[in-house]
Amino acid sequence: MAIEPAALMIEHWHKLTAKQQQYQFEQLLRYFVSPLLPIAKIESEAHEFHGYHFQTWHAFISGIDFVLIPGVKQIQVGLDQAQLTQVRAKFKRQLSEITLQPLSAQTVQVPPMLVAQEPILFDLEPRGVYVIADAQYYGDPFYQKRRAQDITQVQRVIHERTSLNPFTNQLPSDLETAVGRVELATSQDYYRFSLTRNMADFSTLQQTLTRQGMTLLDRAAYAYLRSYHNQVLVPELGSANYFGLVFPEKQQGEILQDETVVGGLTRSPELQTLAASWNFEYTPALAKLDKQQLYYRPVINIEFNN
C-alpha cells in the first residue's frame, strides 16, 4: 500500500483507523522528509476542542516537534463585505492609525502538511530536544557530541528540581548556553536546544529552511489552522485551536511566507487584537521589530504531482 492523497484530507482522515493513520504518517516521513534530518519519537496525539475530537501523529524532526495536519478541499477564509463593514465600524479609530490589509473572502484548498507544534524565535535554529520522561536526547548527533555540556546542564537542572518535590518545584522556562538557548516546551514535556543565528533578514531565514526542505505557512494555510471549527471575526492570537497547535501571544508576531506578520504590535490592546487576526495582514520592517517577540513556524508541505 502506498500513500493515499485522498486519505490525507481532513474529510477522510478521521475515517482511517489508528493503524492506517500511522502507516500514512510513516510513509510521509519516508518520502517527504530529507533523509539527512534525524527523526525520532513517532507517536499519536489527540485534542478536544469545543466538542470536536482531533487525532493525528507527530515526530521530532531535526529538533522540531512536527505534527501532521490533514489538508482540506474547501474552506472559507477572509472577510466578506458585511463582516468587513462590521469590523471597520467597531475598530474605526484603530484602523486609521495603521494600514492593515483585509483578507478578502475566498474559498481555498489547503494541502496536507507537517507543521511545527510550536513557533520558534526568529534568531534560533533548533538542533535537538531532551525528552524529560525518556531522559533522552533526540536530534542532531553532531550537536549532541559538541555540546554535551549543555545536555548535561539540562539533566542536572531537571534532577535538582524534581528530586526535591516534583509538584512544587517548577522547571526553568529557558537556559542560556555559550552558543544558543535551551527552552522548555509549552507542554513541559521536553527542552529544545537551539543555536543562535543572526537571521539578518527574511531571505536568510528562507534559505535556512529551504536547505532542510522546509518553508513557512502561507496566509490561507495559517487561516485554516486558526479558524477550523473556530469561525470568529477577530480572534485572540494565543487562544486554543482545533489542531492543538501553540501560537504566540498577541503582542508577539509570527512571520508568514509572504513576509507579512500576524500579531507583533505593541500598541493599544485593540490594535494588538486586530493585528493578531488572520483576517488582516501588514508588512512591517523586520529591522524595527523586536526579535525577541518575532517567531517563525517551519512547515513541510505534502504536495502530489497530478
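Helices (H or I, at least four residues) and strands (E, at least two) are DSSP runs, numbered from the N terminus. This is a predicted model, in which local features need pLDDT of at least 70 and side-chain atom pairs count only at pLDDT 80 or more, while totals for chains, interfaces and linings use all residues. Residues are numbered from 1 along each chain as its sequence is written, and side-chain values use heavy atoms, with hydrogens and water left out.

**Residue A46**

- A46 sits in strand β1, which spans residues 39-49.
- With a relative accessible area of 41%, A46 is partly exposed; buried means under 20% relative accessible area, exposed over 50%, and partly exposed in between (1.4 Å probe, protein chains only).
- Apart from its neighbours within four places in sequence, A46 is in contact with H53, F54 and Q55, where contact means heavy atoms within 4.5 Å.
- From A46 to E4 there are 42 residues in sequence and 22 Å in space, C-alpha to C-alpha.

- Strand β3 (residues 64-69) is largely enclosed by the rest of the structure, because six of its six residues are buried.
- I64, F66 and L68 point one way from β3, and D65, V67 and I69 point the other way; all are buried.
- Strand β2 (residues 52-61) runs antiparallel to β3 and is joined to it by four bridges; two strands pair if DSSP finds at least two bridges between them.
- H58 has V67 of β3 as its bridge partner.
- The hairpin of β2 and β3 has two residues between the strands, and S62 in the turn has a positive phi of about 55°.
- β3 is also joined by four bridges to strand β7 (residues 113-116), again antiparallel, and L68 has L114 of β7 as its bridge partner.

**The five-stranded sheet around β13**

- Five strands form an open sheet in the order β10-β9-β13-β12-β11, with antiparallel pairing.
- β10 (136-139) and β11 (174-176) stand at the edges with a single partner strand each, so one side of each has no neighbour in the sheet.
- On average, neighbouring strands of this sheet are turned by 25° against each other, direction ignored; axes are lines fitted to C-alpha atoms, for helices over the stretch in contact, and angles run from 0 to 180 degrees between N-to-C directions.
- Strand β13 (residues 190-196) is mostly covered, with six of its seven residues buried.
- β13 pairs with strand β9 (residues 124-131) over seven antiparallel bridges, and F193 in β13 is the bridge partner of G128.
- β13 pairs with strand β12 (residues 180-184) over five antiparallel bridges; R181 is partnered by S194, and L184 by Y191.
- Five residues lie between the strands in the hairpin of β12 and β13, where Q188 takes a positive phi near 65°.

**The largest pocket**

- The largest pocket holds about 390 Å³ of space.
- Of the 18 residues that line the largest pocket, the closest to its centre are E118, E183, L184, T186 and Y295.
- A pocket is found on a 1 Å grid over the protein atoms alone, as an open set of points where a 1.4 Å probe fits, with protein on both sides within 12 Å along at least five of seven lines; lining residues have an atom within 4 Å of a point.
- Grid points are joined across faces, edges and corners, and a volume is the space filled by probe spheres set on the points.
- β12 gives the largest share of the lining, three residues.

**Residue T208**

- T208 lies in helix α7 (residues 202-210) and is buried, with a relative accessible area of 7%.
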